[in-house]
Amino acid sequence: MPGSPAPEAAPVHLTVYDTFADWETGHTTAFLARGGYRVRTVGPTRAPVTSIGGLRVTPDLALDELAPEDASLLILVGADRWDTGDDLAPFAEKARAFLDAGVPVAAICGATAGLARAGLLDERAHTSAAAPYLAATGYRGAARYVETDAVTDRGLVTAGPTEPVAFAREVLGLLGVFEGELLDAWYRLFHDSDPAAYEVLAAADGDE
């Protein structure tokens with residue numbers, strides 16, 4: 001059903017760190033993988049980390065081992081630690097390096113606050129959990145905040161914690177896993193449980 005990346009497509013890199021939010025990227029990574037993308041996890045180091053839900057993950061590589069030229073996308077997951085200190089700031093700086101290199105970045109929930117603090121939302125349309133949440137960071141991009149489920153602007157995807165399906169929609173469209181009518185049907189199925197959307201996807205699957 002999903003489209004396929006070019007055989008030489010680089011992996012997608014998913015950030016993981018203590019207190020990362022389990023629920024925010026499941027749709028995204030599952031359908032990227034089904035669409036042919038390899039998903040690799042990136043931690044502060046290669047030491048295991050634990051999610052909010054208690055899942056223990058051993059990262060595939062450490063942040064300082066990751067370079068934009070080795071990736072198709074960087075996904076920044078929300079976590080309590082985005083709002084309790086600066087220890088995740090290096091992940092925002094890595095996002096800056098990706099965007100400067102023309103490699104897309106997708107950030108959800110607390111990760112958007114990390115990007116705001118780094119100045120990466122000042123010149124791009126974006127969204128998050130709520131406008132006051134980002135305003136509390138003291139960033140300069142408030143005029144570009146959009147009240148919607150998810151936003152993509154010049155290679156940067158943003159969404160709030162209640163919109164994992166919309167977040168996935170933007171990422172899957174950005175990387176060409178689904179496009180047009182199929183992307184719309186995928187979203188309507190997983191967000192709205194629309195049976196007509198299932199029929200569209202099933203028909204496309206049968207045509208392959």
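This is a predicted model: local features need pLDDT of at least 70, side-chain atom pairs count only at pLDDT 80 or more; totals for chains, interfaces and linings use all residues.
How many helices and strands does the protein chain have? I looked that up and got seven helices and nine strands, taken as DSSP runs (H or I of at least four residues for helices, E of at least two for strands) and numbered from the N terminus.

I checked the radius of gyration next: 17 Å, close to the 17 Å that the globule rule gives for 208 residues, so the protein chain is as compact as a globular protein of that length. The radius is over C-alpha atoms, and the rule is 2.2 Å times the number of residues to the power 0.38.

Residues are numbered from 1 along each chain as its sequence is written, and side-chain values use heavy atoms, with hydrogens and water left out.

I got a span of about 50 × 35 × 35 Å for the C-alpha trace along its principal axes.

For burial, I found that 50% of the 208 residues count as buried, meaning under 20% relative accessible area (1.4 Å probe, protein chains only).

I also looked at contacts (heavy atoms within 4.5 Å). Among those between residues at least 6 apart in sequence, 62% join residues at least 24 apart.

Then I zoomed in on T25, in the loop between β1 (12-15) and α1 (26-34). T25 counts as buried because its relative accessibility is 6%. Leaving out residues up to four places away in sequence, T25 touches L14, I75, V77, I108 and F167.
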